[in-house]
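Here is a short report on a two-chain model. Look over the sequence and the structure before reading on.

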Amino acid sequence: MVEDRYLFCKGLSIGYQDRITPSVVVKSNLTIRALRGEMVALLGGNGVGKSTLLRTLAGFQLPLSGELWIHNKPAAEYRADELAREMSFVSTEVVRVAHLTVRELVGLGRYPYTNWFGELNEKDREIISKAIRDVGLSGYEDRQVSRISDGERQRAMIARALAQDTRILVLDEPTAFLDISNKYEIVRILHQLVKEQGKCIIFSTHDLHTALSMADRIWLMLDGEVVEGIPEEIAEKGYFDSLFPGNPQLKFDVDKGDFTFSKNRTGTVRLSASGSTRRMAVKALERLGFEIVEEETDRIAIPKNTAPKITNLPVDSALLSKILSNDLQPVEMNVTQTEQGWSLHLPGFTAEVETLEELCRTIKLLTLPQES
Amino acid sequence: MRSRKFLGMHVRFWREAEIILLLVLLCVFFLLDLMSGSVPVSLSQSIPALFHPSAADPTIASILYQFRLPKALTAVMAGAALSVAGLQMQTIFRNPVAGPDILGISSGSSLGVAIFVLSAGWIFKGMSLFSLAGSWGIVLAAWLGAGAMMVLVVLLAARLRDLMTVLILGILISSAILAVVGVLQYFSSESSLKSFIVWTMGSLGSTTRDQLWVLVPAVMTGLLLAFLSSKFLDAFLLGENYAKSMGMNLRVAYLLTFASTSILAGSITAFCGPIGFVGIIVPHLARKYFHSSLHSRLIPGTMVLGAVVMLAGDLISQLPGYEMTLPINSVTSLLGIPLVIWIIFQNKKMGAI
């Protein structure tokens, strides 16, 4: 078990200290661990101390108190070069060095192994090539680091950390500032490294969805405490709801695996539609603030009334003001898919429209305040 | 992208060729520097006179050995030393316009020399500043001044983090030091003041043969330390955090690079006075020429290129065809400032060094 435990903190306090000012405790009494072959996601709001924790783990700042074990020794017992063979680090800093090729950058990762002059031997070169292959940058070896895209540069930085040949990799927000495709690529690479090489990867992120679907373990930094566990447990126990205590409208949806922004409900709707059209309509109506109370695919009887009927869009404002002057509130609606398109019924109002877009626009106009 | 292979020849050949070309250029400029001056010496006179001084025309031999050779050697030393010092500072501060003169390291050594020379009148009565002992005194004082300044700038830089603010502080401290030197001059005796004024007018040509015995070993030591610090400097390219995470011993790294920079910048300031902009420009030219940022390559490259640039500067300062000689500092400033502006614009596009 001890062999398996690559990183372990017990009662760790992190923060800042110097000789002049009293020490500032960012978080205290942290008890967390990371095991071999695990991907650990560190989650938490801005300013909660994620970077401080990662900096402490990487040895850039000393813990204020408590135990920090790296592999099978307390971190304090490591010399700088020994620690560099156990743990590598990728920071959020953007490295922009002109006239440095990808191969040279990755080669810097061999620093703890090379001689005084940093000369690379055959084995070093092999490890460098492999690291470049592992992040999918083959063919980019001679490209300049300052002239590749942000996603490629981040992969090159990960390759540099890989060349350091460590059990633990610590990455501070590796997917920040990247587009979805690059983000996915980085996470895929990390996942593969864990699976194929048994590395222990600790990364901080704001991307909850990625963390929940990819990480083996979550360190959740809340205002008062740090919760550790497998993603499903943390989600089920409702810890995510307390992630942003300042914003009670953000609710964690366990099924969706992400936060939803609860809107003020405008009303309810009985929807009658089927198939993919129904799915679309449900999303559109939910987005507009309506709750679907009855989900029947059969046609429901349309209540007959003598309400004004709109059959053409755009709804002109004169008619709209007429509707609104009747104190018409779309609290309860019926939406039905018809052969021509959609029909919308609410007490005192009926509309026939052709497309979902027109339906949305009509509902929107009904819920908007009148133009003064 | 440069092609890595050409006509089947391995890239290593080009790597060698790049530096060999520079060395050839160095020899050419060195000879040109020996030949030019108020008394022109032809190539056919200078080469035999260099190798068989006894057989040559005594006037020519004396011109070469008493004046031209020490000056050309000083130029080679100054160019190499200032450029390598500039390279190290640019890497450590991760600042493309860092250099010994900009960050006040040169002013620091001026203060050291000022304190030494102006107090020497009281302490060592009758000692000539141009003797061997006096030269060692001056150079030690310059090292201490430069080293103290280096430590001060690094402490400030660590607290400020912002590159431009550090540069402004360097300029402010330089001004403060000049003021202190001014005050020292006011209170010093007439004879020591005179020696100090003579020192401030220093140029490449004012180095005596005795002083060369101090300058050359000092610069060689500084360059050796720079060679030893090349791995540390490579790690510094990625910033202090990455350097630390790769297991660098920060204390050893800083000690080595500071010692090297202080010795290099201090020695040159001690004997040649302030020579601006060479330290900023040459590292950039070297990076462009060698297409590299790794120091195992850049340090020797910068050294040779710096020597070439300094010899070229000296040739220009002699205004071929005219009787007068321009101060070397004016020449380097006039040629250097447009290049610094170019670097700043490049940097906007490309990011740090």
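## The interface

How much area is buried between chain A and chain B, and what percentage do carbon and sulfur atoms give? The buried area is about 3100 Å², and carbon and sulfur atoms give 59% of that area. Buried area here is the accessible area (1.4 Å probe) that two parts lose on being put together, summed over both. In chain A, the greatest losses to chain B fall on His99(A), Tyr111(A) and Trp116(A), together 26% of what that side buries.

This is a predicted model: local features need pLDDT of at least 70, side-chain atom pairs count only at pLDDT 80 or more, and totals for chains, interfaces and linings use all residues. Residues are numbered from 1 along each chain as its sequence is written, chains are lettered from A and ligands numbered from 1 in the order in which they are written, and side-chain values use heavy atoms, with hydrogens and water left out.

## Contacts across the interface

Contact (heavy atoms within 4.5 Å) links 34 residues of chain A with 33 residues of chain B. The rule finds 1 salt bridge across this interface. The side chains of Arg94(B) and Glu93(A) form a salt bridge at 2.9 Å, N to O; the rule asks for a side-chain nitrogen of Lys or Arg within 4 Å of a carboxyl oxygen of Asp or Glu.

Several elements of chain A give two or more residues to the side that touches chain B: helix 2 (80-86), strand 6 (87-90), helix 3 (102-108) and helix 5 (150-163). Helices (H or I, at least four residues) and strands (E, at least two) are DSSP runs, numbered from the N terminus.

## Nonpolar cores

A nonpolar core is a set of buried Ala, Val, Leu, Ile, Met, Phe, Trp, Tyr and Cys residues joined through side-chain atoms within 4.5 Å. Buried means under 20% relative accessible area, exposed over 50%, partly exposed in between (1.4 Å probe, protein chains only). The largest core has 155 residues. Ile218(A), Phe240(A) and Leu103(B) are among those with the most contacts inside it. Helix 3 (residues 58-92) of chain B gives the most to this core, with 16 residues.

Beyond four places in sequence, Leu103(B) contacts residues including Met89(B), Phe93(B), Met149(B) and Val166(B). A second, separate core of 28 residues includes Tyr6(A) and Cys200(A).

## A buried serine

Ser317(B) lies in helix 13 (residues 295-317) of chain B. Why is Ser317(B) counted as buried? Because its relative accessibility is 2%. Leaving out residues up to four places away in sequence, Ser317(B) touches Met324(B), Thr325(B), Leu326(B), Ile328(B) and Val331(B).
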